[in-house]
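Work through each task before reading its solution.

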Amino acid sequence: MTVLPFVKGHGTGNDFVLFSDPDGSIELDADRIADMADRHFGIGADGLIRAVRSANLPEGAEALREDPDAEWFMDYHNADGSPAEMCGNGIRVYVTFLIDQKLLELPVGETVKIGTRGGVHAVTRHSEAYTVDLGPFVVLDSEATVSARDLDVPRPGLPVGVGNPHVVVAVADDDELDGIDLAEAPKVQPEPPDGANVEFVVPGDPLVVGGVGRIRMRVHERGVGETLSCGTGVAASAIAVRHWAGENAPDRWTVEVPGGDLGVEIADGHVLLTGPAALTYRGTYEI
Ligand SMILES: N[C@@H](CCC[C@H](N)C(=O)O)C(=O)O
């Protein structure tokens with residue numbers, strides 16, 4: 001039997017189990033990860049993050065080719081055990097974990113490069129939060145149609161890529177947003193080949209206050225279900241609403257999710273996400 005020490009953490013209520021495996025020697029299959037993430041029979045989390053030195057796994061070697069400074073790789077899996085390219089909330093919690101475990105020194109104001117399946121991302125530490133550069137984004141030309149339980153008719157959705165796939169749907173108002181039942185996965189047509197995270201948004205009224213755009217969002221995450229927050233989903237939502245709003249739309253956005261508020265900035269073709277990260281619990285898990 002192996003006893004695995006783990007830490008739990010969250011970013012605006014999107015929660016993760018994190019453990020350290022610098023040599024990449026701990027093998028966990030999808031079923032085991034799903035067992036650990038189970039909220040009734042396991043530890044419970046939206047995702048599981050393994051801290052591995054990039055040099056010690058094939059995807060990490062690719063990250064090192066992209067940027068030799070990416071010493072650490074965020075090996076991210078959703079609660080159902082599926083791997084994901086990127087997690088905007090998880091990467092802030094991951095950096096907090098590396099600092100906590102004394103695997104990384106990162107004074108306030110400094111930046112670290114982290115390898116992920118979605119490329120290398122720079123994370124900058126502030127006193128109360130982190131900013132992650134999610135890199136360039138894509139707004140796809142193709143329209144999608146999204147239906148969800150308790151949403152009267154299917155709605156148009158905008159496919160947005162921020163390293164992982166998203167489809168963003170605008171709804172009429174707060175009542176409509178709150179009325180959607182996300183216990184069941186929304187259906188996207190045509191079906192995205194690798195699945196998608198689906199965000200439902202209500203643009204603020206007024207949309208812009210003090211030069212900053214405002215959005216409310218709920219999300220159904222691929223491989224998880226409804227979560228209290230999704231960092232890449234927040235970024236995708238700001239990109240979609242900015243796209244719909246046209247030329248005079250701002251570059252800075254505040255997105256309210258059930259777990260709190262996150263900041264988004266679009267600069268030089270990149271999308272930057274700012275938010276908090278916290279470690280909440282330490283334990284051991286027997287394998
Ligand atoms: N919660 C994350 C996204 C996690 C991965 C996602 N479920 C996927 O499969 O793409 C975030 O904060 O970005």
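A residue counts as buried if 20 or more other C-beta atoms lie within 10 Å of its own, and as exposed if 12 or fewer do. The model used throughout is predicted.

**Exercise 1.** Decide whether Asn164 is buried or exposed, and place Asn164 in the chain.

*Solution.* Step 1: count the surroundings. Asn164 has 26 other C-beta atoms within 10 Å, so Asn164 is buried.
Step 1: locate the residue. Asn164 sits in the loop that runs between β10 (155-161) and β11 (165-170).
Step 2: list the partners. With neighbours within four places in sequence set aside, Asn164 is in contact with Ala84, Glu85, Met86, Gly118, Asn197 and Thr232.

**Exercise 2.** Repeat the analysis for Thr232, one of the contact partners of Asn164.

*Solution.* Step 1: Thr232 belongs to helix α5.
Step 1: there are 32 other C-beta atoms within 10 Å of Thr232, and therefore Thr232 is buried.
Step 2: leaving out neighbours within four places in sequence, the contacts of Thr232 are Met86, Cys87, Gly88, Leu134, Val162, Gly163, Asn164 and His166.

**Exercise 3.** Describe the residues that surround the ligand by position, class and domain.

*Solution.* Step 1: the ligand is surrounded by 17 residues, and the closest are Ala84, Asn89, Asn164, Gly231 and Thr232. Two or more residues of this shell come from each of α3 (88-100) and α5 (231-245).
Step 1: α3 provides the largest share, three residues.
Step 2: sorted by class, the shell holds four nonpolar, 11 polar and two charged residues.
Step 3: domain 1 (3-135 + 275-286) and domain 2 (138-268) each contribute at least three residues to the shell.
Step 4: turn to the record. An unreviewed UniProt entry carries the annotation "binding site" for Asn14, Asn78, Gly88, Asn89, Asn164, Asn197, Glu221, Arg222, Gly231 and Thr232.

**Exercise 4.** State how far apart the centres of domain 1 and domain 2 lie, and characterise their contact.

*Solution.* Step 1: the C-alpha centres of the two domains are 24 Å apart. The contact takes 20 residues from domain 1 and 21 residues from domain 2.
Step 1: on the side of domain 1 that touches domain 2, α3 and β7 (130-136) each supply at least two residues.
Step 2: by class, that side of domain 1 has five nonpolar, 12 polar and three charged residues.

**Exercise 5.** Examine Ala196 and find how far its C-alpha atom is from that of Gly161.

*Solution.* Step 1: Ala196 lies in the loop between β12 (187-189) and β13 (197-209).
Step 1: Ala196 is buried, because 26 other C-beta atoms lie within 10 Å.
Step 2: Ala196 and Gly161 are 35 residues apart along the chain, and their C-alpha atoms are separated by 9.6 Å.
Step 3: setting aside neighbours within four places in sequence, Ala196 is in contact with Pro165, His166, Val167, Val188 and Arg222.

**Exercise 6.** Explain why the radius of gyration of the chain agrees with a compact globule, then summarise the chain as a whole.

*Solution.* Step 1: a compact globule of 287 residues would have a radius of gyration near 19 Å; the chain has 18 Å, which agrees.
Step 1: the C-alpha trace spans about 50 × 40 × 30 Å along its principal axes.
Step 2: buried residues account for 44% of the 287 residues.
Step 3: of the contacts between residues at least 6 apart in sequence, 66% join residues at least 24 apart.
Step 4: the secondary structure comprises five helices and 19 strands.

Terms used: Residues numbered from 1 in each chain as written. Predicted model: local features only at pLDDT ≥ 70, side-chain atom pairs only at ≥ 80, totals over all residues. Near = placed C-beta within 6 Å. Helix = DSSP H or I, 4+ residues; strand = E, 2+ residues; numbered from the N terminus. Nonpolar A, V, L, I, M, F, W, Y, C, P; charged D, E, K, R; others polar. Domains from an automatic or database assignment. Rg over C-alpha atoms; globule rule 2.2 N^0.38 Å. Contact = placed C-beta atoms within 7 Å. UniProt positions renumbered as here; feature names shortened; annotations may be inferred.
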